[in-house]
Amino acid sequence: MVTRLKSTALIILLSLLCLTGWSQQTFTNPLLSSGADPWSIYYNGFYYYTNTLGDSIVIWKTKSIANLRHAERTTVFVPPSGTSYSKELWAPEIHLINNKWYIYFAADNGNNNNHRLYVLMNTSNDPMSGQWIFKGKISDRSDRWAIDGSVFSFRHQRYMIWSGWEGNTNGSQDIYIAKMRSPTKIKGRRHRISTAIYDWEKFGDLNDVNNPPHVNVNEGPQSLQHNKKLFIIYSASGCWTDQYSLGMLTYSGKGKVTDSSQWHKSIKQVFNQSVDNKVFAPGHNSFFKSPDGKEDWILYHANDNAGEGCGRHRSPRAQPFSWNGDGTPYFGVPVEIEQQMKVPGE
């Protein structure tokens with residue numbers, strides 16, 4: 001009986017330590033058992049994390065990304081039924097702009113053809129509290145199909161980037177960019193800066209890796225800035241294939257950011273599956289800094305086994321990355337789930 005009581009007390013103590021922000025010195029991937037399209041922002045001593053759930057938007061709050069499984073979590077938005085944004089809520093992102101919180105997400109009415117981007121706002125200092133207000137649809141004047149919206153600022157101008165269709169039917173998913181008038185409004189028209197041109201961007205048949213040109217998919221764009229250089233890292237090929245991977249666009253640094261001629265596409269993936277490490281379909285990433293601001297980390301989802309597709313098997317993972325001598329990012333290969341890594345530096 002005494003031994004059982006001691007064991008119970010130890011379990012309770014360890015649980016309390018996790019809940020109060022204590023974290024181990026190392027961790028392994030995945031961070032959660034399931035969670036596609038992971039996003040994280042570090043602010044005021046905490047990570048605020050979210051991922052696709054489909055029917056709602058939830059925020060996790062933790063002092064250590066390694067303790068995400070034990071993090072405080074709260075549901076901040078459940079859409080009403082019967083609207084254009086009631087179903088298929090995808091790829092939410094949390095942004096802090098001018099001391100206000102914004103969540104950008106894609107949603108539809110149950111028909112994927114009607115996917116558009118929407119935005120929520122919260123004026124509280126902590127996004128876990130206060131009131132999240134639905135601010136409506138955010139779109140350029142074409143009002144075409146759109147998912148995976150993200151925002152960033154560069155040279156005193158804010159931009160939105162997303163994955164969209166050129167017309168009203170699904171022929172190709174391309175990367176678009178537009179200036180923003182405010183955190184909830186786009187200024188002017190959209191500009192396409194990337195479309196699938198290489199075979200590694202066109203895998204669509206899960207069972208036929210020798211014949212890749214089946215789809216044209218560029219999605220999940222994320223900005224990355226380093227030493228005044230601007231990159232957009234995006235996901236390519238069908239998310240249901242093992243060949244889902246990351247590509248890179250590099251801005252020339254000269255002309256308009258919205259001018260497609262000012263963007264250079266990498267001829268090869270910059271991050272893709274590792275059969276040896278048993279990591280498949282890595283993609284839809286985001287980035288975050290360590291608490292001390294010295295380390296760069298990539299956050300992405302992937303599958304543990306081949307052929308697991310684009311569903312609940314996808315789990316969030318994190319690993320540090322470095323920079324090449326020419327100023328471009330070096331992501332390496334996806335680490336295996338057994339590999340111990342140091343938690344982001346404090």
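Close-up 1. The model is predicted: local features need pLDDT of at least 70, side-chain atom pairs count only at pLDDT 80 or more, and totals for chains, interfaces and linings use all residues. Residues are numbered from 1 along each chain as its sequence is written, and side-chain values use heavy atoms, with hydrogens and water left out. Arg116 forms a salt bridge with Asp143, with 3.3 Å between the closest N and O atoms (salt bridge: a side-chain nitrogen of Lys or Arg within 4 Å of a carboxyl oxygen of Asp or Glu). Because Arg116 belongs to strand β8 (residues 116-122) and Asp143 to the loop between β9 (133-137) and β10 (146-154), the pair ties together parts 27 residues apart in sequence. Strands (E, at least two residues) are DSSP runs, numbered from the N terminus.

**Close-up 2. Asp143 and Lys137.** A salt bridge also joins the side chains of Asp143 and Lys137, at 3.1 Å from N to O. Asp143 is partly exposed at 28% relative accessibility, and Lys137 is partly exposed with a relative accessible area of 38%.

**Close-up 3. Glu166 and Arg192.** The closest N and O atoms of this salt bridge are 3.4 Å apart. Glu166 sits in the loop between β11 (157-164) and β12 (174-182) and Arg192 in strand β13 (residues 185-194), so distant parts of the chain, 26 residues apart, are linked. Arg192 counts as partly exposed, at 35% relative accessibility. Elsewhere, shared partners join Arg116, Lys137 and Asp143 into one network of salt bridges; the whole structure has eight salt bridges.

**Close-up 4. The largest pocket.** This pocket holds about 590 Å³ of space (pocket: on a 1 Å grid over the protein atoms alone, an open set of points where a 1.4 Å probe fits, with protein on both sides within 12 Å along at least five of seven lines; lining residues have an atom within 4 Å of a point). Of its 23 lining residues, Trp39, Val151, Phe152, Ser223 and Phe287 are the closest to the centre. Strand β14 gives the largest share of the lining, five residues. The lining comprises twelve nonpolar, eight polar and three charged residues.

**Close-up 5. The second largest pocket.** About 320 Å³ of space lies here. The lining has 21 residues, with Trp90, Ile147, Glu219, Cys239 and Cys310 nearest the centre.

Technical notes
Helices (H or I, at least four residues) and strands (E, at least two) are DSSP runs, numbered from the N terminus. Buried means under 20% relative accessible area, exposed over 50%, partly exposed in between (1.4 Å probe, protein chains only). Grid points are joined across faces, edges and corners, and a volume is the space filled by probe spheres set on the points. Ala, Val, Leu, Ile, Met, Phe, Trp, Tyr, Cys and Pro count as nonpolar, Asp, Glu, Lys and Arg as charged, and the others, Gly among them, as polar.
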